[in-house]
Amino acid sequence: MKANGQTTLRDTVTLTGNGVHSGKPVRLTVHPADVNHGIVFLRTGLTNGRERLIEARHIAVSATELCTVIGESDSGAVATIEHLMSALAGLGIDNALIEVDGPEIPILDGSAALFVEAFDRVGLASQSAARRYVKVLRSVRVQQGKAFAELKPRDKGFRLDVEIDFDTPLIGRQRKIVDLSATVYRREIANARTFGFMRDVERLWKAGFALGASLDNTVALGEDRILNEEGLRHPDEFVRHKLLDAIGDLALSGLPLIGNYHSYCGGHRLNFMVLDALFSDRANYAIVEGEPRREQGHAEIAGGIAVPAYAPDIH
């Protein structure tokens, strides 16, 4: 594979499952695509046989409560795109057409692992065009209370520094730093599952969320214990999943990022807001070509005791 070329899938991949919020069954097919196509969703199954194309860009985001949604509900939207987008970005897939016949991407096991496995089965294809990047030139920062997200310049590569802080000893304060590469993504991030608190279930159901959530796709936290029989996949699975989400949300930049990302108690909304801030001024970034792909990277972890802190509703 060319070190700095664009990539797509070698063959089509199809996955089926239910949406974690809608609870509705959905069929997802990811097709290879030509150079400079980017990631584009084809929403099918609309009334009167309509179909709609939606580019996976931050300007298409219509909601960020509990998940990331692109497109408008009245004309065709796709919800909970972050895990799929994370898998595509984590493996360095530049071009794909994503056909989905329902309102939400299937949750599968609550992580990106099954997407990664499906993509690895068919493999990636190198393409003739050089890979393009969004390089951060000036720092941008957004904040909501104690929570913040920021992007800063970096000479090469994409580093993510994510910290969470929950007022429960089941999570507490966790931090993880990674230099993103396909190797690190597969090993450190892809299998971290979404999580939620049982105390919130009734409220979420009444609001029309989490209708498809179960112990098969969500790490469930009770008052004093993890309810999943198998326990956690990593001691810090919670912050790893926040990293997974951030990679997927930030992939809505439309091109891979060169820069440093740092968040504290972040979530989908702050991830969207920091991209919006980046693209609000052309002097904040540049489009560059040809950086060699990173196949190795490092990961760091820091943990701490639980302390009272801002706890976002988005997991």
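# Packing and backbone features of a predicted protein model

Leaving aside neighbours within four places in sequence, Val116 is in contact with Ala87, Leu91, Tyr185, Arg186 and Ala190. This description concerns a predicted model. Val116 is found in helix H2, and at 6% relative accessibility Val116 counts as buried, because the limit for that class is under 20%. Between Val116 and Gly90 there are 26 residues of sequence separation and a C-alpha to C-alpha distance of 8.8 Å.

Helix H2 covers residues 113-122, and its buried residues are Ala113, Phe115, Val116, Ala118 and Phe119. Just after H2, Gly123 adopts a positive phi of about 85°.

## The chain as a whole

The protein chain contains 6 helices and 20 strands. For 315 residues, a compact globule would have a radius of gyration near 20 Å, and the value of 18 Å for the protein chain agrees with this. The C-alpha trace spans about 55 × 50 × 35 Å along its principal axes. Of the 315 residues, 57% count as buried. Contacts between residues at least 6 apart in sequence are joined in 76% of cases by residues at least 24 apart.

The protein chain exposes about 13400 Å², of which carbon and sulfur atoms supply 49%. Its side chains include 36 positive and 41 negative ones, and the centres of these two sets lie 5 Å apart.

## Aromatic pairs

The count of aromatic pairs in the model is 5. In one of them, Phe148 and Tyr264, the ring centres are 6.2 Å apart and the planes meet at 25°, so the pair is stacked. This pair links distant parts of the chain, with Phe148 in strand S13 (residues 147-152) and Tyr264 in strand S18 (residues 257-264), 116 residues apart. Phe148 and Tyr264 are both buried.

A further aromatic pair, Phe195 and Phe238, is edge-to-face, with 5.0 Å from centre to centre and 85° between the planes. Phe195 belongs to strand S16 (residues 195-197) and Phe238 to helix H5 (residues 237-250), so the pair ties together parts that are 43 residues apart in sequence. Both Phe195 and Phe238 are buried. Ring pairs also link Phe166, Phe195, Phe197 and Phe238 into a cluster.

## Buried residues in loops

| Residue | Loop | Relative accessibility |
|---|---|---|
| His58 | between strand S5 (52-55) and strand S6 (61-63) | 7% |
| Thr80 | between strand S8 (76-78) and H1 | 4% |
| Asn95 | between H1 and strand S9 (96-100) | 2% |
| Cys265 | between S18 and helix H6 (268-279) | 2% |

His58 touches Leu252, Phe272, Leu275, Asp276 and Phe279, when residues up to four places away in sequence are not counted.

Which residues are in contact with Asn95, leaving aside its neighbours within four places in sequence? They are Gln6, Thr7, Thr8, Leu9, Ala33, Asp34, Val35, Asn36, His37, Gly38, Ile39 and Gln127. By contrast, Asn95 and Gly76 are 19 residues apart along the chain, and their C-alpha atoms are separated by 22 Å.

The two remaining residues of the table draw attention for their backbone. Most residues other than glycine have a negative phi, and most peptide bonds are trans. Thr80, however, has a phi near 55°, a positive value in a residue other than glycine. Cys265 likewise has a positive phi, near 55°, and is a residue other than glycine. Thr80 counts as buried at 4% relative accessibility, and Cys265 counts as buried at 2%.

Note on methods
Residues are numbered from 1 along each chain as its sequence is written. This is a predicted model: local features need pLDDT of at least 70, side-chain atom pairs count only at pLDDT 80 or more; totals for chains, interfaces and linings use all residues. Side-chain values use heavy atoms; hydrogens and water are left out. The radius of gyration is taken over C-alpha atoms; the globule rule is 2.2 Å times the number of residues to the power 0.38. Buried means under 20% relative accessible area, exposed over 50%, partly exposed in between (1.4 Å probe, protein chains only). Contact means heavy atoms within 4.5 Å. Accessible areas come from the Shrake-Rupley method with a 1.4 Å probe; for residues, only the protein chains shown count as cover. Lys and Arg count as positive and Asp and Glu as negative; His and the chain ends are not counted. The place of a charge is taken as NZ of Lys, CZ of Arg, CG of Asp or CD of Glu. Rings of Phe, Tyr and Trp (its six-membered ring) pair if their centres lie within 6.5 Å; planes under 30 degrees apart count as stacked, over 60 as edge-to-face and the rest as tilted.
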